[in-house]
Amino acid sequence: MRVILLGPPGAGKGTQAGFICARYSIPQISTGDMLRAAVRAGTPLGLAAKRAMDAGELVSDEIIVGLVEERMKQPDCVNGYLLDGFPRTIAQAEAMRTAGLLVDVLLEIEVPDADIIERMSGRRLHLPSGRTYHIHFNPPKVAGRDDITGEPLIQREDDREDVVRNRLQVYHSQTRAVVEYFRNWAANGEPGAPVYRRVNGVGSVDEVRQRVFDALGQ
């Protein structure tokens, strides 16, 4: 099973990715993890990526695709893989297609923006322990205080409503276009296009997991 998993920030992709990888015995391939590993290992692509990052530049699509291609050749990918955070742009999708890095299914987890904003902006964190709360869905016993220590809870910078809205705007303007790219590819009847599946990401973790498994099993 070769899967591209896409969806807006806060849609629960990380949680569902873990379920998919366990069910199909496939690794989760994250471009961020690959970049850090390649830089640490000092590979040619890793060194090229480090030069770009040290210069404050974006790592090129060519380097990212090269890292993905290298990762797919590893023994743990024999049963497939789940691509997490890739491709994010049309340019990356085209580069992936040109390189022959094909997948079976593009799975999109769909959650309305209003639900995403409520989910993310309501999260609170006890930094020393990592315990998490939500002001609506899992509130602390005392507002703004950790249940165990009574210490203050914080809101991560990424969870501020204005930041969440900006991340959603980026998703809709860039990554959502990737979905349409693959859908159009499949509609043209060309070989190698992944099947497109969309699932409703609103509901309990177990409910969404079952929808995901149903979609992948079609």
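Predicted model: local features only at pLDDT ≥ 70, side-chain atom pairs only at ≥ 80, totals over all residues.
Figure 1. The largest cavity has a volume of about 40 Å³. Its lining is formed by Ala 93, Met 96, Arg 97, Leu 101, Leu 102, Val 103, Phe 182, Trp 185, Gly 192 and Pro 194. Two or more residues of this lining come from each of the helices α5 (90-98) and α7 (161-187). Helix α5 gives the most to the lining of the largest cavity, namely three residues. By residue class, the lining of the largest cavity comprises eight nonpolar residues, one polar residue and one charged residue.

**Figure 2. The largest pocket and the residues at its centre.** The volume of the largest pocket is about 1300 Å³. A total of 43 residues line this pocket, and those closest to its centre are Pro 8, Pro 9, Gly 10, Lys 13 and Arg 167. The lining of the largest pocket divides into 14 nonpolar, 20 polar and nine charged residues.

**Figure 3. Secondary-structure elements around the largest pocket.** The strands that give two or more residues to the lining of the largest pocket are β1 and β6 (131-134). The helices that do so are α1 (13-24), α2, α6 (113-121), α7 and α8 (205-217). Helix α7 gives the most to the lining of this pocket, with five residues. Helix α7 also gives two or more residues to the lining of the largest cavity.

**Figure 4. The open parallel sheet.** Five strands form an open sheet in the order β2-β3-β1-β4-β7, and their pairing is parallel. The edge strands, each of which pairs on one side only, are β2 (28-30) and β7 (195-200). From one strand to the next, the twist averages 25°.

**Figure 5. Pairing of strands β1 and β4.** Strand β1 spans residues 2-6 and strand β4 spans residues 105-110; the two pair in the parallel sense over four bridges. Within this pairing, Leu 5 has Leu 107 of β4 as its bridge partner. Strand β1 is also one of the elements that give two or more residues to the lining of the largest pocket.

**Figure 6. Helix α2 across the sheet strands β2 and β3.** Helix α2 comprises residues 31-41 and lies across β2 and β3 (81-84).

Terms used. Residues numbered from 1 in each chain as written. Heavy atoms only, no water. Pairing = 2+ DSSP bridges. Axes fitted to C-alpha atoms, helices over the stretch in contact; angles between N-to-C directions. Contact = heavy atoms within 4.5 Å. 1 Å grid on protein atoms, 1.4 Å probe; cavity = no way out; pocket = protein on both sides within 12 Å on 5 of 7 lines; lining within 4 Å. Points joined across faces, edges and corners; volume = space filled by probe spheres on them. Nonpolar A, V, L, I, M, F, W, Y, C, P; charged D, E, K, R; others polar.
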